[in-house]
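Okay, thanks for waiting, everyone. Let me put the structure up, and then I'll talk you through a chain and a helix.

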Amino acid sequence: MSTPDISALLARAEEISSDAERVTAAHLRKVTLPPVDGTAATIGLITLDNGEDHTRPNTFGPRSLLALNAAIDEALADDTVTAIGVTGKPFILAAGADLTSIQGGGPDAVRVVAELGHAVFRKLGEGGKPSFGFINGLALGGGLEVALHCTYRTVMDSAPALGLPEVMLGLVPGWGGAYLVPQLVGADKAVTLILENPLNNGKTLGGRAAYDFGLADAVFGGADFLEQSLLWAADVLAGKVTVERPVVDKDAWDAAVARAEGIVQSKTGGASPAARKAVELIAGARDADRDAGFAAEDDALEAMSRTPELIASLYAFDLVQKRAKRPAGAPDKALARPVTKVGIVGAGLMASQLALLFVRRLEVPVVLTDLDQERADKGVAYVHAEIDKLLAKGRGYNQDKANRHKALVTGATDKQAAFGDADFVIEAVFEEMSVKKSVFADVEKVVAAECVLATNTSSLSITEMAADLEHPERVVGFHFFNPVAVMPLLEIVRGEQTDDATLATAFATGKALKKTTILVKDSPSFIVNRLLGRFMGEVGRIVDEGTPVAVADGAFAGVAPMPPFMLLSLVGPAIALHNNETLHRAFPERFYVSPALERVVATKKGSYYAPDLSIDPEVEALLEKPESPVVLTAPEVRERVLAGLAQEAQLMLDEGVVAAPEDLDLAMITGAGFSFWNGGLTMLLDIAGISEKVNGKRFH
Amino acid sequence: MPRQLREVVFVDGVRTPFGKAKGQYAETRADDLVIKCIRDLLRRNPSLPPERVDEVAIAATTQIGDQGLTIGRTAALLAGLPQSVPGFAIDRMCAGAMTAVTTTASGIAFGAYDVAIAGGVEHMGRHPMGEGVDPNPRILSERIVNPDALVMGKTAENLHDRYPTITKERVDTYAVRSQQKTKAAYDAGSLQRDLVPVATRSAEAGWGLATSDEPMRPETTMETLAGLKTPFRAHGKVTAGNAAGINDGATAALLADEETARELGLPVRMRLVSFSFVGVEPEVMGAGPIPATEKALSQAGLTIDDIQAFEVNEAFAVQVLAFLEHFGIADDDTRVNPYGGAIAMGHPLASSGVRLMTQLARQFEERPEVRYGLTTMCIGIGMGGTVIWENPHWTGADTTDSNGDSK
């Protein structure tokens, strides 16, 4: 039982600790286990508990680590205690490091926290007594790492989430995870846990899956998890149960690291320092001993704390965790009116997608209307077919649900009968002001006075659309992103006359649809389409002036989810052109309409690329051929386009399009797939120094 | 359609360690206690496919909060039994679990069930006796029930009046012996065999593990008992020392049709012979086991001399002694409660019936010379309940005399 002297480290941890930390206590209790073959072991059972309910998970800041250290020391020093167990308050082991302690302190503090975590957790694995991690629920990041240091682990089969999401946050699993996981389950699974899952929208493992994955040695049901874990521990201690784990294949390392590099390239374009660092750590874990492996993690955490991407990632995390749940500027929820029936004007593809979303999430009658019954029926048929697909996938979607949802969707031509008792009618007709105005005028004749009229317009003025109605205050913009079922963002647009009850109903409906809602002022193309319009306009202008498409396409790795012309092909050249034209009309001096794009649209080409992803020669032939081409390098393209975006973002804030730059970033992350580790857009512009260069000030 | 009654057997029984109210289970839910018992029954009997359980009857006296919500059904679901397994809640105060057994046993004998789980739970720390009751005013106005009937300690004092030969010294002596017998049973590892360890939550101290009965006071002496107050009657005889306490705990038993048990490879540990519940004056509740036992014996065609193993609930020492005195059995007869009883272990009301049965099954195992045994208990509002069981391990010849001594 020899643990290194860490008193200097403890003293430094005391220095950096703060009263603001919500301390996770480590209650040590001696538990005598039922005897096995006549001998009863006594386990020092440590319960991690921050004294809050399950909505505020345990976390580890400096003081929490000091508390755990004291509990482990006490258990190690007590000769009547033969083993140590670590578990958590109900439903939670721990959710990892206290991020405020990482955000606030700078590299020195991060280094202390990194070393302290290692020093304390290592006592579980190296303190001289066998130890057990009883994973009784949520275990993320450091919450999983504390258990990984134990000699043995059990997991509750119904635990909601186990994982190492650090890379998503601009960090690495630096309290042992990056070294211990590959040692435990092999390099390939380590890549899955440390890189692939975090970069796949922060995917985590359930308890049963984590056991199958090899993270725990035994799995027990939730009804008596801790009892069964303790009895199992007694059997292990008595030698009645022998834990066997598969031998880790060191020859599989190179392939795993290659796979990791592929994931990092495809998911981040190599632009996330944390992702790159995690690959390094996994690669290094093959031959490193514990001291070297853990020291590499300390170095990595400190290095990450010096990257702007850490701040940006934590900022983005805060946006999607907190701001997304409490949209800035949304009126009091109490003003929202119930939505018990939804009407949809139109039965085309967009309308049908909306019908599917509304019926699945709200589970109220949804009526699609169109000019003739055949078209309306086609919309209903689309929804029914999608429901059948969901049913075929399973995942808890059963026949009763499918029956219920199908029965709720109907198609009609008579708006009076269809919408008379609807609380919320949304139009998804042709994007043309006169058409939309006449649709709303028609609908208003048949609906109740308080029925919300929502428009899925991507660019038209809500105020103008409502102007001639008897009740313009009930009109609101409800702008979804394609594909509606997948994209999380919903821009909610307030017209000049939109009242609070309508807006509150829109936000409540958006929340029920499980969308991230952001309030936007009635303005051309709202948030995402305006910024993307500027983005594509600038790129288009640069290419028209002579820079090759391939160079422009290569300039935005790690910023946008895909190269610009691939994005344009995905959206559809015609739609992109329409957006650019709308914005050009509003702001002719800044928004460029590319003649080349007009020609591509005229040929009805759906994409700039041939099937082999080279530029389609027919499209190539349509591009501008300037007399004296200006050929920029990729960094120049990037700088120029980002400068345009910095200008546009500042103008949008000046115009009051949104409440704050945070809303622009949340919109670009959730609506345009801009990168988490850049903090969306404005944080990136600040970090790259572009905001100051263009606007003379930073956004943050 | 011709019917044939089927033999009902007791396959297995378990319980949680019992707790003192506000003690080890202060932060543990009542339903969780009985759920852990159900899960342990299934674990101990792996040859029983869970879907073969046809009924789950769980008793609780106070069926509100974490003892409400049709606890038999919700406990079955929470214990991970298939959704197809039904359940219900049952209440006969202290004889709740006993009634859960007799009710499901009746269904087995009738052919409605092949296998059933019967148990009970009472978390008296969370649900003190009388919580939320609303006695009908006619009880007083028409003198239908003596108001003493609602205070169990008073009924015990009243029982002393009926049996003036049962002195304070006799009940205290009995109580001390109960504590000693339970201590000895623990030392021998007898009781632990059927205990389900329970993880105990404490926000202050962290998780612990309950593995023994918290109410036990093995250090109890006549002197310590002599000093206790008699809260139910000035200069009375009933004290906290010669009565069961206020306790938390749960029990569950597995019952089956005998043929089904053999088909599934389940142990046959007791065979049901007869059962009876009988009412007495509510204010002398503790007398209930006497007529209940008389009736059960007569139904079975047996006499008290045929019964060689007893598990008598010790709600109050006086009530055990009244029973023994009536049947001419000595206070210290070794056939009675050999592992001690509720005075030492605790009496979480509706759960206790199955504890008696589980212990009688152990007596049967240890004493194959015994053919018949009984479990009996007094019940609030003036009742007694008795279940007579046959020992399947019986070797065929009775080798003890009526005093329990070997011949």
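Chain B has twelve helices and twelve strands, counting DSSP runs of H or I with at least four residues as helices and E runs of at least two as strands, numbered from the N terminus. Its radius of gyration is 20 Å, close to the 22 Å from the globule rule for 407 residues, so chain B is as compact as a globular protein of that length. That radius is over C-alpha atoms, and the rule is 2.2 Å times the number of residues to the power 0.38.

Quick housekeeping: this is a predicted model, where local features need pLDDT of at least 70 and side-chain atom pairs 80 or more, while totals for chains, interfaces and linings use all residues. Residues count from 1 along each chain as its sequence is written, and chains are lettered from A and ligands numbered from 1 in the order written.

Back to chain B: 58% of its 407 residues are buried, meaning 20 or more other C-beta atoms, placed from the backbone, within 10 Å of a residue's own.

Now over to chain A, and H6(A), residues 187-199. Its 13 residues should span 18 Å at 1.5 Å a residue, and the end C-alpha atoms sit 17 Å apart, which agrees; the expected span is 1.5 Å times one less than the number of residues. How many of those 13 residues are buried? Ten, so to speak mostly covered, including Leu193(A) and Glu196(A). And just after H6(A), Asn201(A) has a positive phi of about 55°.

Notes. Buried ≥ 20, exposed ≤ 12 C-beta atoms within 10 Å, placed from the backbone.
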